[in-house]
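Subject: Structure for your review

Dear colleague,

Please find below the structure that I am handing over to you, together with its sequence. My notes on what was found in it follow directly after.

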Amino acid sequence: MWMARGKGEEILKEPPAELGQVTLSGVDMGVALAGERRNVTVCLPGGYHWTPARGETVLVVKSGPEGTPCVVGAPMASSTNEVWLSVSPDVELRLSRDGKIHLKGPVEITGSLNVNGLEVGK
């Protein structure tokens, strides 16, 4: 059955960008906005990898005529994950919250290398 909107009724519109809470982490990410949105894509510059954790606050931008949501970042204070950069599956640099630097792939150093204050490979 078709029903007409009466005068004064407005369509609920979401803002084009807003902060939300991650409800489901991973491939089928869910984010709580005005309601929960599922299968939200994470959009980042090429080579960056980030999977927001459940409960993390994220910035969601909506695009297109349907307002398709896309996670584009998080407030600096709320991010709990590591920084992970890669240019291919076999080459990556990861910076952990515990201070460790994880390298995958060949490492080339131009200049000197110091380990605990001592020069190595001279």
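Which residue lies over the face of Trp84? In this predicted model, Arg94 takes that place, at 5.9 Å from the ring centre. Pairs between aromatic rings, by contrast, are absent: a search of the whole structure returned zero of them.

Overall fold

The secondary structure consists of twelve strands and zero helices. Read along the sequence, the pattern is accordingly β-β-β-β-β-β-β-β-β-β-β-β. The protein has 122 residues, of which 18% count as buried. Its accessible surface comes to about 9400 Å², and carbon and sulfur atoms account for 57% of that area. As for contacts between residues at least 6 apart in sequence, 42% of them join residues at least 24 apart.

The four-stranded sheet

Four strands form an open sheet in the order E5-E8-E9-E10, and their pairing is antiparallel. Strand E5 (48–49) and strand E10 (101–104) are the edge strands, each pairing on one side only. In general, the strands of a sheet pair through backbone hydrogen bonds, in either a parallel or an antiparallel manner. Between strand E9 (residues 91–95) and E10, which run antiparallel, there are four bridges. Within this part of the sheet, Leu95 stands opposite Ile101 in E10.

The disulfide

How many disulfides does a search of the whole structure find? The search finds one. It is formed by Cys43 and Cys70, whose sulfur atoms are 1.9 Å apart. The two cysteines belong to distant parts of the chain, 27 residues apart: Cys43 is in the loop between strand E4 (41–42) and E5, while Cys70 is in strand E7 (residues 68–73). A disulfide is, in general terms, a covalent bond between the sulfur atoms of two cysteines.

Are the two partners buried or exposed? Cys70 has a relative accessible area of 12% and is therefore buried, the limit for that class being under 20%. Cys43 has a relative accessibility of 34%, so it counts as partly exposed, a class that lies between the limits of 20% and 50%.

With kind regards

How values were computed:
Residues numbered from 1 in each chain as written. Predicted model: local features only at pLDDT ≥ 70, side-chain atom pairs only at ≥ 80, totals over all residues. Heavy atoms only, no water. Pairing = 2+ DSSP bridges. Disulfide = S-S within 2.5 Å. Buried < 20%, exposed > 50% of the residue type's maximum accessible area, 1.4 Å probe, protein only. Phe/Tyr/Trp six-rings, centres within 6.5 Å; stacked < 30°, edge-to-face > 60°. Lys NZ or Arg CZ within 6 Å of the ring centre and 35° of its normal. Contact = heavy atoms within 4.5 Å. Areas by Shrake-Rupley, 256 points an atom, 1.4 Å probe, with all protein chains shown as cover.
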